Amino acid sequence: MLPLHHSGMRPSAPLKSARPVRSFHVGDERRNTGCDARDNGGMPSSDEVDRIVDAWSRERPDLDFAPLQVLSRVGRLAKHLDRARRTAFAASDLEPWEFDVLSALRRAGSPYELSPKALLQQTLVSSGTMTNRIDRLVQRRLVERRADPGDGRGVLVSMTAIGVERVDRAISRLIDAETELLARLPAADQERLAGLLRKLSLDFDGGTE
């Protein structure tokens, strides 16, 4: 794919494409009106992705940039979500990876304990990484190891009262932050969007968490 700025000569005629090219882009409305499009609430109805797609469509009219309309927005929203998560976790004195382990234990229900193998399955890290993470959580008194009564050679990772308090505080702050991120979408739209994203994600993770 040619970059936006290159040293070669531009073709004198548009490249031919086997795919249909849409004749209208979001940017067309802005060019026709001379200003950003607005929705009924007075907020801009176009975003940076619209501008990026419009610019690429102008430079490469032989390509269909429809996938960018979806996945570029997912990527940009993921950055906002990551920032909100880190802020929520930091307020509870937790790193993101610490929250991942503690939340797996919290979701297991009282007495909030799992085997290291179960934690591996839920957090998708290597055995060595999980061992290191458990060691660090033990040092912080957020979890403790104890012998598995059902397996004399096995161990269980149990969350301490401090760990429960930290993860409960973090998830409350996270839900508040994520609610704010979605505030402009009515509940029905949120449900519809969740269904579409679920349908897409099932192709990648097979329905696992």
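Mentor: Before we start, two strands pair if DSSP finds at least two bridges between them. Helices (H or I, at least four residues) and strands (E, at least two) are DSSP runs, numbered from the N terminus. This is a predicted model, where local features need pLDDT of at least 70 and side-chain atom pairs count only at pLDDT 80 or more, while totals for chains, interfaces and linings use all residues. Residues are numbered from 1 along each chain as its sequence is written, and side-chain values use heavy atoms, with hydrogens and water left out.

Trainee: Okay, what pattern does the protein follow along the sequence?

Mentor: Start with the pieces: there are 8 helices and 3 strands. Now read them off along the sequence and you get α-α-α-α-β-α-α-β-β-α-α.

Trainee: In what order do the strands form the open sheet?

Mentor: Look for the edges: S1 (113-114) and S2 each pair on one side only. S1 is joined to S3 by 2 bridges, and S2 is joined to S3 by 6. The pairing is antiparallel, and the order is S1-S3-S2.

Trainee: Which residue in S3 is the bridge partner of Asp 148?

Mentor: S2 and S3 form a hairpin, with 2 residues between them. For Asp 148, the partner in S3 is Asp 151.

Trainee: At what angle does H4 run to S3?

Mentor: Helix H4 covers residues 96-107, and it lies across S1, S2 and S3. The angle is taken between N-to-C directions, from 0 to 180 degrees, using axes fitted to C-alpha atoms (for helices, over the stretch in contact). For H4 and S3 that gives about 105°.

Trainee: How far apart are the end C-alpha atoms of helix H6?

Mentor: Helix H6 has 13 residues, 127-139. The expected span is 1.5 Å times one less than the number of residues, so H6 should span 18 Å. The model agrees with that, as the end C-alpha atoms are separated by 19 Å.

Trainee: Which residues of H6 are buried?

Mentor: Buried means under 20% relative accessible area, exposed over 50%, and partly exposed in between (1.4 Å probe, protein chains only). Their cover includes H4, H5 (116-123), S2 (143-148) and S3 (151-159). The buried ones in H6 are Met 130, Arg 133, Ile 134 and Leu 137.

Trainee: And within what arc do the buried residues of H7 fall?

Mentor: The buried residues of H7 are Gly 163, Val 164, Arg 166, Val 167, Ala 170 and Leu 174. The arc is that of the directions from the helix axis to the C-beta atoms. Those residues line one face of the helix, because they fall within an arc of 160°.

Trainee: Which elements do the buried residues of H7 pack against?

Mentor: The other side of H7 has exposed residues: Ala 161, Asp 176, Thr 179 and Glu 180. The buried residues pack against helix H3 (66-91), H4 and S3.

Trainee: Last one: which residues is Arg 169 in contact with, leaving aside its neighbours within four places in sequence?

Mentor: Arg 169 lies in H7 and is partly exposed, at a relative accessible area of 30%. Its C-alpha atom is 8.7 Å from that of Ala 88, 81 residues apart along the chain. Contact means heavy atoms within 4.5 Å. With those neighbours set aside, the contacts of Arg 169 are Ala 91 and Ser 92.
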